[in-house]
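I am opening my notebook on a new structure. I want to look at its pockets, its cores and one of its helices.

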Amino acid sequence: TEDPNASEDSHAPPCFRHDKLERDLSITLLCTTAVINNIIKPATAEDQCSLAEVYRQGRDESGQRLIGKASIFVSYAGAQRFSDLCETTLGYMQLLQPVDSVENGGEPGSTEGEQEEQKYVFIDAFCLNQHASETSDLHSAMTYVNAIGTMDEVIMLLGEWDDSQPLQRSWCLWEFLAAELQSVPFSIRMTDPQRARFVTAVLENFGDVKDKLLGIDVSRASTGNTLHHSMLHDAIRKTVGYMEMDNILTTKLRAWLLDEARTSLAGLSEEDYGTASLPVLVAKLLSDMGEYDEALVLFRRISQALTQKHGDEDARSLDSMSDVAICLLHRSKALASNADADFEAAQAGLMEAEKIATAVHETQLVRVGKVDP
C-alpha cells in the first residue's frame, strides 16, 4: 500500500505486492479476471479503492508520474491472459513512446529537439474501483460511452484470431460501438506470437481467416454478469440495433483484415502470384469493398503471372482473365453512377471488359466445345 508519509513529489513509487505477483500466482497463466480477484481486490480491500488510487502519487525511475489523464482506452476480455494484456499494451505504448528516448535523457517518445507529453492508458482492471457496487441500467451504459468519447483512441486486444474473446463479449463490442458512435480512432492489436500465427494463417488459408473473423453475430455476444448482459444488449437495441451493429463491426474488421492481407502480400514473389490463393482472395475482397482500382491492379498482376506460367489457353489463365473483365465491369458501373460520373472512363472499361470476355469465350469454345458447361 501507499506510504502515508510520501510526499507528492517523491520519486519512489508505492510498494505493491510485487513479491506476490512473482512468487505465488504464476502470473503468466492467469486470466485478467483472476488477477483482479486474487491480487487487485485483496490489495485494495482495506481502502476500498482502485489500484490507480493506490499509485496516484507514485513515479517511475525516470520521475514520470505513474497516474495521469488517460488518452488511450484499452478494450479486452477478462478471460484473456493478464500477460497478454500487459505485453500488447506495453508494446503499443513503446511504439508511441520509444524507450531509447527516455534512456537518452528525453521524455518518452521524444526526438532530438522535441519532447512529447507522456501518454497514459485506461485499463478498467486498474482504473475502476473493483469494490464499488455495480450498476446495470441504460444510463450507466451511456455514461461509459461518454467516457470513451473523451479518449484519443481505443485499442482492442484481439487475442488469437480463431478464438477472439473480445469479439464474443458484450462489453468489448459495446466499447467498440462507443468509439464508432463518437468517431474515436479504433485499432486492433495482438501480441507478437499471436500476430505470427495470424500471419501464417493469412498466407496459408486467407479464406478461413476471413470467414472466421467476419462471421460475427453481435446478438450472441455474452458477458459473465447477467445484469450487465441485459443492460448492454438493451443499449445496443436502443441505439443502432443488432443488424446495423453487425454491419459496422464487419466493415471495420474487413478493413483491418484487408490492411493485414496487404502487408502479407508484400512478402510474396512474382511467381507466388501465379500459385498462391491469397492474391485472388485479397483482390476479390477489395472488389467487394468497392476498391476497384486496387483490385484491378491485383487481378491484372495475377493474370499476368498465370499466363506466363501456364500459357494463355490454360483454364487457370482464362479464369484469371475473366476476373479482370468482371472487375472492369463493376468499376465501370461505379464510375457511371457516382456524383462525379466519368462516363468516358466507364465506357472505356466496358469496352476492355467486353474484349477480354470475348477472347476468353472464343478460347473456351476451341478448348472444350459449345456443349461444355
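Before I sort any lining by class, I note the classes: Ala, Val, Leu, Ile, Met, Phe, Trp, Tyr, Cys and Pro count as nonpolar, Asp, Glu, Lys and Arg as charged, and the others, Gly among them, as polar. I also note that this is a predicted model.

**Pocket.** I looked up the second largest pocket. Its volume is about 1,200 Å³. I found 40 residues lining this pocket. By class, 19 are nonpolar, 16 polar and five charged. Which residues lie nearest its centre? They are Asp 124, Gln 130, Glu 134, Trp 171 and His 228. Helix 7 gives the most to the lining, six residues. Among the other elements that supply at least two are helix 2 (32–44) and strand 1 (72–75).

**Cores.** Next I checked the nonpolar cores. The largest has 71 residues. Inside it, Leu 167, Trp 174, Phe 198 and Val 282 have the most contacts. Helix 11 (residues 242–265) brings the largest share, nine residues. I then followed Val 282. Beyond its neighbours within four places in sequence, Val 282 is in contact with Phe 206, Leu 258, Ala 261, Leu 265 and Leu 298. A second, separate core has 21 residues, including Tyr 76 and Leu 157.

**Helix 13.** Last, I took helix 13, residues 292–310. It spans 26 Å from first C-alpha to last, close to the expected 27 Å. Its buried residues include Tyr 292, Leu 298 and Phe 299. What do the buried residues pack against? I found helix 11, helix 12 (278–288) and helix 14 (315–337). Just after helix 13, Gly 311 takes a positive phi of about 90°.

Technical notes
Residues are numbered from 1 along each chain as its sequence is written. This is a predicted model: local features need pLDDT of at least 70, side-chain atom pairs count only at pLDDT 80 or more; totals for chains, interfaces and linings use all residues. Side-chain values use heavy atoms; hydrogens and water are left out. A nonpolar core is a set of buried Ala, Val, Leu, Ile, Met, Phe, Trp, Tyr and Cys residues joined through side-chain atoms within 4.5 Å. Buried means under 20% relative accessible area, exposed over 50%, partly exposed in between (1.4 Å probe, protein chains only). Helices (H or I, at least four residues) and strands (E, at least two) are DSSP runs, numbered from the N terminus. Contact means heavy atoms within 4.5 Å. On a 1 Å grid over the protein atoms alone, a cavity is a set of points where a 1.4 Å probe fits but cannot get out, and a pocket is an open set with protein on both sides within 12 Å along at least five of seven lines; lining residues have an atom within 4 Å of a point. Grid points are joined across faces, edges and corners, and a volume is the space filled by probe spheres set on the points. The expected span of a helix is 1.5 Å times one less than its number of residues.
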